[in-house]
Amino acid sequence: MVNHASIPIVKQESIYKAETYQLDPIKASRELARQLDAEDIGFILFFCSSAYELSALAPAMDDAFAGISVMGCTTAGEITSQGYSESSISALGFSRDLFTICGTRVPLSDFDLQKAQHCVNSLVSCCSRDQKAPINDNTFVLTLIDGLSPSEENFLVTLDTALGGIPHFGGSAGDDQNLANTHVYHQGQFYSESAIVVMFNTLCPFEVFTTHHIESLDSKLVVTRADCEHRRVYEFNAEPAAVVYAREIGVSLEDLKPQVYATNPLAVMIGDQYFVRSIQKVNDDLSLDFYCAMDDGVVVTAMRPGDIFANLSKTLDSAIERLGSIEVTLGCDCFLRRLEIEHNMALASARSALRDYRIVGFNTYGEQLNGIHMNQTLTGVVIGEPSDVGDSSSVLTDTALRAG
């Protein structure tokens with residue numbers, strides 16, 4: 001008879017991490033499969049550079065993880081164990097013992113409340129068939145969206161209405177800052193003009209969060225002419241938008257470029273919080289294209305960056321205090337934050353912070369939180385160790401259980 005008291009307690013993995021820098025799609029997929037070779041993995045989430053030949057990567061990922069649900073998107077940069085990365089794939093594998101995960105692809109066109117409710121009901125029903133814990137308090141939703149689609153805002157507001165109180169976050173797919181083609185991946189194929197909606201029901205404690213380090217300069221600009229559908233602002237205060245913006249931040253029109261946008265953002269106030277609206281580019285007619293929708297009458301505030309690392313630590317330390325530990329932080333990090341860090345030559349500090357908080361994910365063209373689309377934030381979910389298994393997430397080894 002086995003004395004169970006003498007059997008060593010072994011921590012059960014809940015989330016497995018993998019990464020590859022192989023650019024050959026087949027080699028990259030196989031390397032990820034080797035790193036994620038665990039029998040209890042039931043779902044794979046990945047973020048890949050658009051440098052990969054997507055037509056080859058899609059079937060390669062499908063073959064490498066046959067029988068496992070796989071979803072993901074293209075990026076404006078990846079976050080791996082090495083910190084900020086590029087020309088790589090970052091991936092997570094989730095244990096089916098601790099997570100029930102259901103996902104679907106949704107076309108962005110004509111997405112209305114009826115379709116949103118059907119999507120949410122289907123995901124809840126799917127998770128309920130093998131729920132790990134009560135749906136209401138132990139479930140969150142991730143969305144990955146074509147980052148160049150003008151339908152993002154409508155999709156997010158509509159989905160959030162259908163989700164009710166289920167916390168929701170996500171990121172907009174990128175394409176290595178080419179601003180040409182962004183894609184989401186669902187079950188063997190890459191898609192544009194689509195979103196991936198993934199529902200996680202889990203035994204692990206978690207906290208959905210958003211954080212930014214942008215501070216107000218108390219200078220207001222009013223959008224007096226805009227094209228909301230194309231996210232374009234023609235005028236601030238009845239003057240050409242680029243002229244007003246350049247004057248506001250004290251630079252010449254010729255000096256307007258992504259590094260300048262990253263350190264001189266604009267923001268709208270919703271409730272008592274600022275949400276950043278980042279500039280994508282200056283057009284020949286001196287209009288400005290944004291990464292989020294802008295409409296006539298919107299009031300924006302000129303902002304400046306504060307301490308990005310102090311802000312990150314304050315937010316995540318607070319979450320850890322409530323959760324007790326970190327298994328992983330799944331992060332959707334705006335690529336403009338990365339540009340700011342690179343401009344300030346702070347990549348070593350970023351690498352240390354990303355490792356300390358176990359952040360894995362990708363650089364985005366926009367971030368999402370409970371129906372709000374924003375920029376220049378780090379938005380995501382901190383996932384802790386399950387509190388009801390062992391110490392606090394330990395199980396007896398398979399060998400010990402069989403011996404007993």
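**Salt bridges and their partners**

Analyst: Arginine 247 counts as exposed, at 51% relative accessibility. The model is a predicted one, and in it arginine 247 forms a salt bridge with glutamate 239, with 2.8 Å between the closest N and O atoms. Glutamate 239 is partly exposed, its relative accessible area being 29%. Arginine 247 falls in the exposed class because the limit for that class is over 50%, and its value is 51%.

The next pair is glutamate 235 and arginine 225, a salt bridge whose closest N and O atoms are 3.9 Å apart. This pair links distant parts of the chain: glutamate 235 lies in strand 16 (residues 232–236) and arginine 225 in strand 15 (residues 214–227), 10 residues apart. Glutamate 235 is partly exposed, with a relative accessible area of 23%. Arginine 225 is also partly exposed, at 42% relative accessibility.

A further salt bridge joins the side chains of aspartate 130 and lysine 132, at 3.1 Å from N to O. Aspartate 130 is partly exposed, with 43% relative accessible area, whereas lysine 132 counts as buried at 19%. Lysine 132 is placed in the buried class because that class covers values under 20%, and its own value is 19%.

Glu152, Glu153 and Arg231 are connected by a network of salt bridges. In general, side chains of opposite charge can pair when their charged atoms come close. The count of salt bridges in the model comes to 10.

How values were computed
Residues numbered from 1 in each chain as written. Predicted model: local features only at pLDDT ≥ 70, side-chain atom pairs only at ≥ 80, totals over all residues. Heavy atoms only, no water. Salt bridge = Lys/Arg side-chain N within 4 Å of Asp/Glu carboxyl O. Buried < 20%, exposed > 50% of the residue type's maximum accessible area, 1.4 Å probe, protein only. Helix = DSSP H or I, 4+ residues; strand = E, 2+ residues; numbered from the N terminus.
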